[in-house]
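Hi,

Here is the structure I promised to pass on. Have a look at it first, and my notes on the charged pairs follow below.

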Amino acid sequence: MTFGVCETGIEELDAQMGGGFPVGSTILIVGSSGSGKTTLCMQFLVNGAKKGEKGVFFTITEPLFKLTSNLEKFEFFDRSLVDDGTITIIDLRIIFERLGLDAEKYTVEDTNALLGVIKDIAKELNVKRLVIDSITALCYRLQSKEMIRDFIFKLGTFLAAKECTTFLTSEIPPKTFIFSQYGIEEFIADGIIFLGEVERGGDLIRTLQIVKMRGVDHSRIKYAMSITSRGIELAPLLKTR
Amino acid sequence: MVSTLVEGLKERVLTSISMYQSVCVVLPGTNYQDLIQALFNCMREKHTDQWVYITVTRPFDNFVKMFGDLSRYPNVVFIDCISRSSGIMKRDDQCIYIESPTMLERITMEIKHIFRNASEDMEKFIVLDSLTSLMIYNDPTLVIEFFYQLLNRARSEDIHMLSLVVEEGELDRHINKLIYLNDKIIKVRDTFI
């Protein structure tokens, strides 16, 4: 079976993977607060939308108005892509409310109901790119590692069959080199992008590293990452500290 | 006398940069002002080319004070690496401000962006002012690595590079190592003219 390539539109990142992510893969975007997870995901969605690929962004961590107002600052963002429905932004907390999923911890039935809704939305909108920001916040309500594993596995399998490439953001504490809060997400995901930081002369420099990407002969070198009005840009990180 | 010196420096720099891909100018601190004046004259003379002026020595604002309105140099984009870290928060459309001179990779990204937008028929020049100042803010080995990367990239993309070294007494051994990476070294002495 051969896979197509899903370009992020971030030149240096795509180049590290010989063109982009394998279509249909599920990638964990790992980083602490302020590391650039949301920006990376949005740039991935917007660049896809500009090529006509529909995308959906599920947020749990930020209200919609804040998210869109932050996006307006980026040159890559095009409001019309949201207005014409090429990109759909959904506040998952509203879905929780509508489904009556307000319990602190979900049962298996609750989890299946949530999974069903996400799958229905992806199918109905016929999206080729999907983001959940963050999988950490979503999994907080799942009661066991088995439920988390089952949820991500089923979601990933469904979306892969639909040739939809998925980014799941994973929140970690600062200055740690772990990939998830629950220690399970990284084993199910096809890829891991680690967003970290290095200190130089007291200044913090953002970094990006592809830790894992199934099916691709990818680079593992650490890149310096910059977030400007142009969005995310990368350059090889100087090795000397 | 001063204008003769500036004119002489300008001619020497222009000749060298047209013959060699990378040129390093080593000069005493007392001649820094003259060289800057000569470089601005070069940039004005070669106004159809794209220049990137990286300043780690003086804030961009200082150049505005020295030379007046820099919109007269539309072919030059400045990358100011020290204003922000010195608490100077001014803005200018002709200048890209980098938060700190330690963020060397960011300089690389900005250069790439500037030249990507430049017309293909323009010759491309980078002025690095200066290696000496970069060494103040960074570990010398880091500056060496950065300079190697920058130089290699410039060579592969046909960009001319001019780097400055301000000499105060004995040259630092790391800088000594760096200047010999260039194709041409111009040593400015008091007896230059």
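A quick definition before the notes: buried means under 20% relative accessible area, exposed means over 50%, and partly exposed is in between (1.4 Å probe, protein chains only). This is a predicted model, where local features need pLDDT of at least 70, side-chain atom pairs count only at pLDDT 80 or more, and totals for chains, interfaces and linings use all residues. Residues are numbered from 1 along each chain as its sequence is written, chains are lettered from A and ligands numbered from 1 in the order in which they are written, and side-chain values use heavy atoms, leaving out hydrogens and water.

I went after salt bridges (a side-chain nitrogen of Lys or Arg within 4 Å of a carboxyl oxygen of Asp or Glu). Over all chains, the search turns up 24 of them.

One of them joins A:Glu53 to A:Arg129, at 2.7 Å from N to O. The two sit 76 residues apart, with A:Glu53 in the loop between α2 and β4 and A:Arg129 in strand β6 of chain A. (Helices, H or I with at least four residues, and strands, E with at least two, are DSSP runs numbered from the N terminus.) A:Arg129 is buried at 0%, while A:Glu53 is partly exposed at 22%.

Another pairs A:Arg200 with B:Glu105 at 2.8 Å, crossing from strand β8 of chain A to helix α4 of chain B. A:Arg200 is buried at 7%, and B:Glu105 is buried at 2%.

Within chain B, B:Arg155 meets B:Asp183 at 3.2 Å.

Cheers
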